[in-house]
Amino acid sequence: MKTTKTKRLAIDAMLAAMFVVLSLFSINLPGMKITLDSLPVLVGAALLGPLDGFAVGLVGSFLNQMITYGMSATTVLWILPAALRGLLVGLYARKHAFSMTLRQTVFITVATALLTTLLNTLFLYIDSWVYAYSYVAALPTLLLRILAGVLTAVLFSLLLPGILSALRRISGEKKDASGN
């Protein structure tokens with residue numbers, strides 16, 4: 001999608017804001033959180049590329065962290081998974097000229113969902129060590145967390161092509177191989 005720097009910044013800001021709003025409408029269960037907040041990260045990465053995906057994930061998760069928990073010694077750990085997911089999806093989308101097949105979309109969204117779940121589990125362990133609480137209580141939910149991550153990733157994979165197509169149509173621009 002060809003965009004000016006200002007337009008890209010505005011799109012990234014809107015997607016980061018969507019991340020925050022979607023994160024506030026989550027299902028919080030003991031040891032896990034089911035949320036749709038990574039959809040804007042995937043959209044930004046698949047539409048505009050790795051740096052935009054990284055920025056949406058970083059800013060969106062940072063703002064969410066500040067709103068829900070405030071600044072802590074482990075804040076950086078909690079914002080990294082979303083940023084890394086945006087970066088990896090954007091790199092993969094760029095590698096495929098921003099025109100991924102459904103199979104490729106499912107692969108990258110599921111792979112990055114699994115990575116995000118594993119990183120969040122590791123960071124939960126580190127957080128429990130820093131703040132002296134029991135990490136063991138979160139272990140029984142690990143399989144459920146992985147399953148929830150995979151299911152939401154598949155759902156996003158099915159939604160993403162339509163969302164990207166609509167955004168490209170609305171903008172009146174065609175995608176090119178550089179992602180601009």
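The structure holds 1 salt bridge. Because D52 belongs to helix 3 and R8 to helix 1, the pair ties together parts that lie 44 residues apart in sequence. Side chains of opposite charge can pair when their charged atoms come close.

Both partners are buried by the criterion of under 20% relative accessible area: D52 has a value of 7%, and R8 has a value of 16%.

The buried positions are L39, P40, V41, L42, V43, G44, A45, A46, L47 and L48. Their cover includes helix 1, helix 3, helix 4 (75-95), helix 5 (102-130) and helix 6 (142-171).

Just after helix 2, G49 adopts a positive phi of about 120°.

## The largest nonpolar core

The largest nonpolar core comprises 22 residues, among which V43, M100, L160 and L164 touch the most other members. At least two residues of this core come from each of helix 1, helix 2, helix 4 and helix 6. Helix 2 makes the greatest contribution, with 8 residues. In soluble globular proteins, nonpolar side chains tend to be buried together.

Leaving aside residues up to four places away in sequence, L160 is in contact with L39, L42, V43, A46 and T105.

V21, L24, F25, V59, F62, L63, I67 and M71 make up a nonpolar surface patch of about 790 Å². Helix 1 (5-24) and helix 3 (50-68) each supply at least two of the patch residues. The largest share, 4 residues, comes from helix 3.

V21, one of the patch residues, lies in helix 1. Its relative accessible area is 44%, so V21 is partly exposed; the partly exposed class runs between the 20% limit for buried and the 50% limit for exposed residues.

## Confidence of the prediction

The protein chain has an average pLDDT of 89, and 91% of the residues score at least 70. Over residues 176-180, pLDDT stays under 50, and the model has 17 contacts beyond four places in sequence for this segment. Where pLDDT is low, the predicted coordinates should not be read in detail.

Conventions: Residues numbered from 1 in each chain as written. Predicted model: local features only at pLDDT ≥ 70, side-chain atom pairs only at ≥ 80, totals over all residues. Heavy atoms only, no water. Patch = residues over 30% accessible without salt bridge, like charges linked within 9 Å, V, L, I, M, F, W, Y side chains within 5 Å. Areas by Shrake-Rupley, 256 points an atom, 1.4 Å probe, with all protein chains shown as cover. Salt bridge = Lys/Arg side-chain N within 4 Å of Asp/Glu carboxyl O. Buried < 20%, exposed > 50% of the residue type's maximum accessible area, 1.4 Å probe, protein only. Contact = heavy atoms within 4.5 Å. pLDDT = per-residue confidence, 0-100. Core = buried A, V, L, I, M, F, W, Y, C linked by side-chain atoms within 4.5 Å.
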